[in-house]
Amino acid sequence: MSTYIVGDIHGCYKELRLLLNKANFNFQKDYLWITGDLVFKGPDSLKVLKYIYSFKNKVRIVLGNHDINLISMYFNIYNKNNCTNELLYNLLNYSDHRILIDWLRFQPLLQVDHNLKIVMSHAGIFPKWSLIDVQFYANEVEKILRSKHFKYFLKRLWGNFPNKWNINLKGVKRFRFIVNSLTRMRYCFSNFYLDMQYKSFPCNFSSYLKPWFDFDSKITKNNYIIFFGHWSSLKGHCTPPKVIALDTGCCWGGYLTMVRVEDFTYFYQPRIL
């Protein structure tokens, strides 16, 4: 039995199938972890959802910002552009569309395996949080997404503020910071405020900003390894030891990256254009 972790798929169905073939992925014994953003920018988002759902008992995913956007779109809460409209149209014309959406809505924001000592979220872990902290905060949001109040929550979810963590934050402000940290974060100011605007490669960033992973981490200090996606311009580079970036921009013409946790063997599949 092996555990594989793959970066953001973004609708790149053909590349995912080829990548699993390269790794000789065993659907009876192996497990596949996915860093989120199953859908949106690539050509075959519906195929990806259907395929992952077909062996869902062997899959552990975290929600990415685009996965949450899709759920919001489905319930007429959020609408971004014509590309996502096409995805929604294809989804609505699939007979079991509600099954896929509800399955997605019940997925977590965080995955942890204490035996393997691995942690996975879509964008990363806010530097001030311990593993116990982030598990607790992620669970708060997951309970709402799975509740009958999820539409109210999604209508008020997106925004860049508050960008400062305070344990006394309540309601939507608290949940928005948690979701932004786990699904959208890239940089923090030196005072730990989130910067939700800057997206450039770290070599070009301003002197008063640092990537979230360049701050001291309570999690990696305890010998856990953090896996994340979201930041395709990193191309898997620039992270410190025990922090692994797996979004290598397949949907942009890059490649899909997957790692086998037990021996840290990497597998790559270029985009098929």
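Colleague: How many helices and strands does the protein chain have?

Modeller: In this predicted model, the protein chain contains nine helices and 12 strands. Its radius of gyration is 18 Å, close to the 19 Å that the globule rule gives for 273 residues, so the chain is as compact as a globular protein of that length. Along its principal axes, the C-alpha trace spans about 45 × 45 × 35 Å.

Colleague: What share of the residues in the protein chain is buried?

Modeller: A residue counts as buried when its relative accessible area is under 20%. By that criterion, buried residues account for 56% of the 273 residues. The protein chain exposes about 12500 Å², and carbon and sulfur atoms supply 50% of this area.

Colleague: Among contacts between residues at least 6 apart in sequence, what percentage joins residues at least 24 apart?

Modeller: In the protein chain, that percentage is 66%.

Colleague: Which residues lie on each side of strand β1, and are they buried or exposed?

Modeller: The general idea is that side chains in a regular strand alternate between the two faces of the sheet. In strand β1, residues 3-6, Thr3 and Ile5 lie on one side, while Tyr4 and Val6 lie on the other.

Colleague: In which sense do β1 and strand β2 pair?

Modeller: Strand β2 comprises residues 31-34, and β1 pairs with β2 in the parallel sense over four bridges. Within this pairing, Val6 stands opposite Ile34 in β2.

Colleague: How far apart are the mean positions of the positive and negative charges?

Modeller: The protein chain has 36 positive and 19 negative charges, and their mean positions are 6 Å apart.

Conventions: Residues numbered from 1 in each chain as written. Predicted model: local features only at pLDDT ≥ 70, side-chain atom pairs only at ≥ 80, totals over all residues. Heavy atoms only, no water. Helix = DSSP H or I, 4+ residues; strand = E, 2+ residues; numbered from the N terminus. Rg over C-alpha atoms; globule rule 2.2 N^0.38 Å. Buried < 20%, exposed > 50% of the residue type's maximum accessible area, 1.4 Å probe, protein only. Contact = heavy atoms within 4.5 Å. Areas by Shrake-Rupley, 256 points an atom, 1.4 Å probe, with all protein chains shown as cover. Lys, Arg positive; Asp, Glu negative; His and termini not counted. Charge placed at Lys NZ, Arg CZ, Asp CG, Glu CD. Pairing = 2+ DSSP bridges.
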